[in-house]
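Hi everyone, thanks for having me. Please bring up the structure on your screens, and we'll walk through a few of its residues together.

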Amino acid sequence: MINVTELRPGNYFIEDGNIYKCLDILLNKTAMRKMVAVVKAKNMRTGGIIEISRNSGYGIENIRLDKKPMQYLYDTGDFLVFMDQETYEQIEIAKSRLEWESKFLKGEEVVDITSYDGEVLDITLPAKVALKIVECEPAVRGDTVNKAMKDAVLETGIKVRVPLFIEEGETVLVRTDNGDYDGRA
């Protein structure tokens, strides 16, 4: 147990049975009151962000999460299967929990799996992934009023906007945080 005022951004803690990551902390001290800590925290199970206010002296259970690099193997339909590259142990994560992340997984990518006591909380993708364009509309000559972009469908099914000079069959880099085109691979 640690005092709530000792929390720092990046620390993980348990509050009311939920696991949180501290994003920011504001310590407020007035003359007639105890110090109040306002913690902006992300719920690691749901992804929701909340603010928790506690008086100084309130004890919080500080925890450490396990991060392990694992290789994505395949999609079973309902689950995504990952393998530990050292022990060859395989785990399945429900596809419904990884809707956004599954748009960037085509096979054999190495991702960081974050877990606590065997419960998988999150996966961290690389900042950019290289994906092949499977469907792309042809460029329209003279259509350069704005940023000259067109729609393209990638091999995982995600749709992105790419510049007019990109053709079907090319491999492009896509940012995993927002799904935007980032350049040729």
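Let me start with how we name the pieces: helices (H or I, at least four residues) and strands (E, at least two) are DSSP runs, numbered from the N terminus. What you see is a predicted model, where local features need pLDDT of at least 70, side-chain atom pairs count only at pLDDT 80 or more, and totals for chains, interfaces and linings use all residues. Residues are numbered from 1 along each chain as its sequence is written, and side-chain values use heavy atoms, with hydrogens and water left out.

First, two loops. Asp 16 sits in the loop between strand 2 (12-15) and strand 3 (18-28), and Asp 117 sits in the loop between strand 10 (110-116) and strand 11 (119-124). What is the phi of Asp 16 near? It is near 55°, a positive value in a residue other than glycine. For Asp 117, phi is near 50°, again positive. As background, most residues other than glycine have a negative phi.

A word on accessibility: buried means under 20% relative accessible area, exposed over 50%, and partly exposed in between, using a 1.4 Å probe and protein chains only. Asp 16 is exposed at 68%, and Asp 117 is exposed at 69%.

Now for charges. Lys and Arg count as positive, Asp and Glu as negative, while His and the chain ends are not counted. A salt bridge is a side-chain nitrogen of Lys or Arg within 4 Å of a carboxyl oxygen of Asp or Glu. How many salt bridges does the structure hold? There are nine. One of them joins Glu 15 and Arg 54, at 2.8 Å from N to O. This pair links distant parts of the chain, with Glu 15 in strand 2 and Arg 54 in strand 5 (residues 49-55), 39 residues apart. Glu 15 is buried at 4%, whereas Arg 54 is partly exposed at 24%.

Another salt bridge pairs Asp 151 with Arg 161, at 3.1 Å from N to O. Asp 151 lies in strand 13 and Arg 161 in strand 14 (residues 159-163), so the bridge ties together parts that are ten residues apart in sequence.

Stay in strand 13 (residues 149-154), because Lys 150 lies there too. Is Lys 150 buried or exposed? Lys 150 is buried, yet has no salt bridge, and the nearest side chain of opposite charge, Glu 167, is 4.5 Å away. Its side chain does reach the backbone oxygen of Ile 166, at 2.8 Å. Setting aside residues up to four places away in sequence, Lys 150 touches several others, including Cys 136, Val 160 and Leu 164; contact here means heavy atoms within 4.5 Å.

Glu 101 is buried without a salt bridge, and the nearest side chain of opposite charge, Lys 42, is 7.7 Å away. Beyond its neighbours within four places in sequence, Glu 101 contacts Asp 122, Ile 123 and Leu 125.

Notes
Polar contact = N/O pair within 3.5 Å; in protein donor to acceptor, adjacent residues only side chain to side chain.
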